[in-house]
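Q: Got a model to go through with you. Can we start with how far to trust it, then look at the packing?

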2 protein chains.
Amino acid sequence: MSKQPVTSNLPLPPIVASRMAGEERRLQILQVAISLFAKKGFRGTTTKEIAQAAGVSEAMVFRHFATKEELYKAILDHKACASGSLDLCHAETVTDAIARKDDRAVFEQLGLALLRHHEHDTEFLGLLMHSALEGHELAQMFWERNVLQMYDFLRSYLAERQREGAILAVDPGVIVRAFVGMIIHHSVSNSLWDRQRRLLDISNEVAAREFTEILLHGICATTAGPRAHATATRRQSGVQRDAAKKKQTK
Amino acid sequence: MSKQPVTSNLPLPPIVASRMAGEERRLQILQVAISLFAKKGFRGTTTKEIAQAAGVSEAMVFRHFATKEELYKAILDHKACASGSLDLCHAETVTDAIARKDDRAVFEQLGLALLRHHEHDTEFLGLLMHSALEGHELAQMFWERNVLQMYDFLRSYLAERQREGAILAVDPGVIVRAFVGMIIHHSVSNSLWDRQRRLLDISNEVAAREFTEILLHGICATTAGPRAHATATRRQSGVQRDAAKKKQTK
DNA sequence: GAAGATGGTAAGTAAGCACTTACTTTCAAG
DNA sequence: CTTGAAAGTAAGTGCTTACTTACCATCTTC
């Protein structure tokens, strides 16, 4: 779509719906396949569908990708290497928060980044879950590359903060699982189970903030009374489905 | 073409796998199909496989269930109506805790019941996720019948406790999502992503207790100091990588 | 001990699948 | 213009799939 011819400097005529350069077509087929696999899974998608969606014959698909499996693997590379492997832990806002030892910001920014990533790339979530269920290697790969890494990262941060006495001596693994659970479940709920937000309709910003708040201080009023933290913003936001005007953190 | 006259005094090998009563076979096929669908999904499982696993011919499968779809629907009824629809909210321990307004017990017991249910019926989790991804109606049905119900139930309990001032004025929907998220994500992690418990290896009891603790009081030490609640039991239980020598409770 | 219902099978069939083959069209460079 | 390589296709091929047909075997019952 956006790619210009690499081999020459022709002022390319507008798309005539036909003949594309090799690389371009390859990418287009890949894109189309990603969205189909994400929607219907690997087994649920036929090569014929892919070809049709790309506007070419099936043979064209097999010219670019020897087998369906190989097409799948190309998707892995495309997703996992290029965009998918989000370097959350190294996002500026997060590293910043870590340097400042601002626990609230660490979790809120990390949660927000995750939520935004999931919302923006719903396809990836679908792909991932299908892969996990079908026992494909993408699942394993993603787990090793991203999840494990993030767990280790967060765990060691938490351990440090525990040594400093800032955080209770709970198993850091449990804390990570709890927080990641809130976030992931929220994303999966929104994109898979409850697309119409019947159960809960809040913005990513509110979600990240509230989950962080719960993680850090819980919901019990009896422990320390109505705390006067940054908790000021907390309120019964319930089912209101529009009022979530938010600031950009960037 | 013709078989042996079966006049019967042959030392016939005791082929035990033989003739079952109709209902019995039906149930057996259903059981076998459940486990296969859970492992490989609806599309990923062939009727031939089901027949083989049940030790009968394919035709037998189609005698009991007119189509593959119908077999699937029979599974829904079997699971959703009979065992699946766990009446968590009405489990004795939970109703008990509610009557006593013991928030800790409410969440801990509910979480524990969920975790145990998932662990005991892993197949159901797999079935559910496959259904959700394949857009099957089981997903919708389950959502309406169980999840929505549980959300409403918990939400109203929380709202009451908020009116009584026992719980902070956070949107109850957010609280429910946070807690359910921890639990579900833990179950899904254990049964789908990390079967070897590389990331976190804790018992259901510990998980329910710790998640509840986090939900109620958070992990921050600064709010109220090292609280002397029932928090006494909290400790570094987790993924001790090489030794449990790092015991620094402040 | 025949009748009839019921449990069970072998051997199909048509449609759908991943993948091929043999061929045509386009187009830029020599 | 020629050429030849790359973009593209129509029409297969053989295998798998959900589902059928036509037939056997074994029990029960009077």
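A: pLDDT is the predictor's confidence in each residue, from 0 to 100. This is a predicted model, where local features need pLDDT of at least 70, side-chain atom pairs count only at pLDDT 80 or more, and totals for chains, interfaces and linings use all residues. Residues are numbered from 1 along each chain as its sequence is written, and chains are lettered from A and ligands numbered from 1 in the order in which they are written.

Q: OK, what's the mean pLDDT of chain A?
A: 80, with 76% of its residues at 70 or more.

Q: And where is pLDDT below 50 in chain A?
A: Residues 1–16 of chain A are below 50, and residues 224–250 of chain A stay under 50. Where pLDDT is low, the predicted coordinates should not be read in detail.

Q: Switching to packing: at what angle do helix 6 and helix 9 of chain A pack?
A: About 25 degrees, with the axes (lines fitted to C-alpha atoms, for helices over the stretch in contact; angles run from 0 to 180 degrees between N-to-C directions) 10 Å apart. Helices here are DSSP runs (H or I, at least four residues), numbered from the N terminus. So helix 6 of chain A is roughly parallel (under 35 degrees) to helix 9 of chain A.

Technical notes:
Helix = DSSP H or I, 4+ residues; strand = E, 2+ residues; numbered from the N terminus. Parallel < 35°, antiparallel > 145°, perpendicular 65-115°, else oblique. Contact = placed C-beta atoms within 7 Å.
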